[in-house]
Amino acid sequence: MKFWKDAREAYRSIQPPEELEETIRAGVRTAERIQRERRQKSRPVTRYAVCGAAALCMIFVVAVNASPVLAKNLYDIPVVGNVARVFTFVQMEKDEGADTLIVNLPALENTGNDELERRINYEIQYEMNALVEEARQRAQEYKEAYVATGGREEDFIPVEIFVDYRLHCNDGDTVSFVITKAETQATYYEELFFYNIDLQTGKDLTLRDLLGPNYREIVNQSVREQIEQRMAADDEAVYFAPEDGGFRSISEDQGFYINQQGHVVVVFLKYEIAPGYMGTQEFEILPAA
């Protein structure tokens with residue numbers, strides 16, 4: 001609990017710089033201009049609006065950048081009625097030569113649990129800030145190494161640092177979403193961060209909570225059966241054998257999300273249990289018949 005106490009104090013103590021207000025306003029003006037232009041062209045338009053929790057967006061702007069970040073769009077997405085809302089702050093940093101930063105971060109509001117919102121939103125912003133800064137430092141090191149070994153600075157291909165999320169469930173009782181952080185240049189590297197939240201208690205849901213004390217056996221059996229089914233149905237579906245690093249059992253911190261049907265979906269990263277061309281592997285765990 002000490003971590004969250006410290007996090008809460010740090011969250012409350014952050015003071016936005018004076019120039020931030022104008023940056024936010026500029027971003028909103030840009031969004032409004034884009035909206036008008038799209039309407040004139042008779043294209044489908046995404047509605048942009050400054051959400052009531054914009055202060056949380058400001059925190060990430062202050063935290064994430066060592067250089068100026070351009071606020072592109074600020075908009076509010078209602079998810080399910082008036083139960084809970086997820087708002088998104090889209091940021092894009094101009095190419096400075098070493099990296100291009102694209103950020104699309106979620107935050108919770110209107111859950112009726114202020115402490116939950118503070119905890120989750122701070123955790124997301126804090127962790128993504130650290131990861132983005134590490135990625136930007138690596139990009140700078142790549143560029144310096146490229147130039148030091150004879151490459152021309154103008155020929156360096158910037159590293160794209162991308163943060164996005166996908167909302168999988170918001171049924172009034174549960175919110176489940178996954179944040180993806182990726183780096184792309186010559187290769188693609190991806191990390192996933194899973195958020196499964198009980199809106200009534202504010203608790204982070206576990207597989208034990210959702211599937212009971214025998215969750216490990218339930219998931220393991222289902223994953224093995226689905227692997228066999230996929231390989232039998234598709235000659236190109238290949239999974240590593242258990243003795244060669246393939247699937248044996250879910251881990252203690254197994255990544256998963258909850259889909260719209262309320263079912264658990266366990267997720268394995270690229271190369272984790274199958275060759276790279278198989279991509280990320282997901283297995284829906286259906287309730288017993």
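**Entry 1: Tyrosine 271**

Where does tyrosine 271 lie? I found tyrosine 271 in the loop between β8 and β9. The model I consulted is a predicted one. I then looked up the backbone, and phi of tyrosine 271 is near 80 degrees, which is a positive value in a residue other than glycine. Is the residue buried or exposed? Its relative accessible area is 56%, so tyrosine 271 is exposed, the cut-off being over 50%.

**Entry 2: The chain as a whole**

I next recorded the overall figures. The chain has six helices and nine strands. It holds 289 residues, and 44% of them are buried.

**Entry 3: Helix α4 and its ends**

I turned to helix α4, which covers residues 114–148.

At the start of α4, I found a side-chain oxygen of asparagine 113 within 3.3 Å of the backbone nitrogen of glutamate 115. Just after α4, glycine 150 has a positive phi of about 105 degrees.

Which residue in the loop between β3 and α4 did I check? I checked asparagine 110, which has its place in that loop, β3 being residues 99–109. Phi of asparagine 110 is near 60 degrees, again recorded as a positive value in a residue other than glycine. Asparagine 110 has 37% relative accessibility and therefore counts as partly exposed, a class that runs between 20% and 50%.

Asparagine 121 is placed in helix α4. What does the side chain of asparagine 121 reach? I found that it reaches the backbone nitrogen of leucine 108, at 2.8 Å.

**Entry 4: Glutamine 281**

I located glutamine 281 in strand β9, residues 281–285. With a relative accessible area of 6%, glutamine 281 is buried, because this value falls under 20%. Which side chain does glutamine 281 meet in a polar contact? The partner is the side chain of tyrosine 239, at 2.3 Å. Setting aside neighbours within four places in sequence, I listed the contacts of glutamine 281 as Arg230, Tyr239, Val266, Val267, Phe268 and Ile273.

**Entry 5: The largest pocket**

How much space lies in the largest pocket? I read a value of about 450 Å³. Of the 20 residues that line this pocket, those closest to its centre are Glu252, Asp253, Gln254, Gly255 and Phe256. I then looked up which elements give two or more residues to the lining, and these are β6 (188–198), α5 (207–211), α6 (215–233) and β8 (264–268). The largest share, three residues, comes from β6.

Terms used:
Residues numbered from 1 in each chain as written. Predicted model: local features only at pLDDT ≥ 70, side-chain atom pairs only at ≥ 80, totals over all residues. Heavy atoms only, no water. Helix = DSSP H or I, 4+ residues; strand = E, 2+ residues; numbered from the N terminus. Buried < 20%, exposed > 50% of the residue type's maximum accessible area, 1.4 Å probe, protein only. Expected span 1.5 Å × (residues − 1). Polar contact = N/O pair within 3.5 Å; in protein donor to acceptor, adjacent residues only side chain to side chain. 1 Å grid on protein atoms, 1.4 Å probe; cavity = no way out; pocket = protein on both sides within 12 Å on 5 of 7 lines; lining within 4 Å. Points joined across faces, edges and corners; volume = space filled by probe spheres on them. Contact = heavy atoms within 4.5 Å.
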